[in-house]
Amino acid sequence: MNLEQFTLDEVEVEPFQVKEVLKCLIHTILFHRTLGIVKPIDAGSDLFDVTYVQCNDKSVEESVRARIEECYTQLDRSAGKDRSNLWQVVLSFFEMRSRRPSFFARSDQKVTWERWTFRLLVNRQSIDPAERTARQERLDATLRARIEAIVQLVNQRRDHVPRLVHNEMKTFPFEITV
């Protein structure tokens with residue numbers, strides 16, 4: 001199986017916007033990689049003039065929230081005193097495959113089949129209110145463009161998505177890493 005990789009163009013954000021940007025992008029992808037019939041939820045952003053779709057599944061929502069929080073904490077701790085830092089967050093989808101049994105036990109292998117990379121330029125410079133408004137408008141437009149790009153990509157390139165093995169699965173297994 002071939003690994004399909006997608007890298008979205010860099011997005012410039014302020015520290016307080018990081019979690020919301022990741023939430024919008026990750027939920028958009030997860031919805032389009034949901035298995036079976038799922039009732040979509042239109043989610044409005046708390047910070048941006050953007051609406052995105054997410055799965056109606058509390059466990060997925062909680063998993064994404066918790067993982068984004070962990071990533072943010074890890075990235076924030078590693079941030080230097082620089083006025084801006086480039087952060088990279090990766091969403092990977094995988095499946096577990098059984099390896100040939102060894103002498104004593106059978107082992108499973110994690111095979112990643114799709115990877116999304118988000119690059120965020122976190123700008124820590126203090127800015128005046130007029131500049132903040134202009135940046136907010138640019139970020140709203142950028143975020144909408146990224147969501148549209150995601151929807152186009154997931155609809156155009158899906159030949160690499162593995163066949164459904166377990167009927168009880170709601171989403172493919174995924175992980176969010178820094």
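Which residue caps the N-terminal end of α3? The cap is Asp128, with a side-chain oxygen 3.0 Å from the backbone nitrogen of Ala130.

## Basis of the model

This is a predicted model, in which local features need pLDDT of at least 70 and side-chain atom pairs count only at pLDDT 80 or more, while totals for chains, interfaces and linings use all residues. Residues are numbered from 1 along each chain as its sequence is written, and side-chain values use heavy atoms, with hydrogens and water left out.

## Overall architecture

The chain contains three helices and seven strands, where helices (H or I, at least four residues) and strands (E, at least two) are DSSP runs numbered from the N terminus. Along the sequence these elements follow the pattern β-β-α-β-β-α-β-β-α-β.

Of the 178 residues, 40% are buried; buried denotes under 20% relative accessible area, exposed over 50%, and partly exposed the range in between (1.4 Å probe, protein chains only). The accessible surface of the chain is about 10,700 Å², and carbon and sulfur atoms hold 46% of that area; the areas come from the Shrake-Rupley method with a 1.4 Å probe, and for residues only the protein chains shown count as cover. Among contacts (heavy atoms within 4.5 Å) with a separation of 6 or more, 76% join residues 24 or more positions apart.

Helix α1 has 15 residues and reaches 22 Å from its first C-alpha to its last, close to the 21 Å expected at 1.5 Å a residue; the expected span is 1.5 Å times one less than the number of residues. Eleven of the 15 residues are buried, so α1 is largely enclosed by the rest of the structure. Among these buried residues are Val18, Leu22, Cys24, His27 and Leu30.

Helix α3 (residues 129-156) has 28 residues, and its end C-alpha atoms are 40 Å apart, in agreement with the 40 Å that it should span. Its buried residues include Arg135, Asp140, Arg146 and Val154. The cover over the buried residues of α3 includes β1 (4-7), β2 (11-13), α1 (18-32), β4 (51-55) and β6 (108-123).

Arg146 lies in α3 and is buried, with a relative accessible area of 14%. Leaving out residues up to four places away in sequence, Arg146 touches Leu8, Asp9, Glu10, Val11 and Leu25. Glu10 is 136 residues from Arg146 in sequence, yet their C-alpha atoms are 9.8 Å apart. A polar atom of the Arg146 side chain lies 3.2 Å from the backbone oxygen of Glu10.

Thr117, in strand β6, is buried with a relative accessible area of 9%. Beyond its neighbours within four places in sequence, Thr117 is in contact with Phe6, Thr7, Leu8, Gln88, Val89 and Val90.

The largest pocket has a volume of about 250 Å³. Its lining comprises 16 residues, of which Lys23, His27, Glu61, Val64 and Arg65 are the closest to its centre. On a 1 Å grid over the protein atoms alone, a pocket is an open set of points where a 1.4 Å probe fits, with protein on both sides within 12 Å along at least five of seven lines; lining residues have an atom within 4 Å of a point. Grid points are joined across faces, edges and corners, and the volume is the space filled by probe spheres set on the points.

At least two lining residues come from each of α1, β3 (40-44), β4 and α2 (58-78), and α2 gives the most, with seven. Glu70 is also placed in α2 and is partly exposed, with a relative accessible area of 45%.

Conventions:
A polar contact is a pair of N or O atoms within 3.5 Å; within protein, one must be able to donate a hydrogen and the other to accept it, and residues adjacent in sequence count only if both atoms are side-chain atoms.
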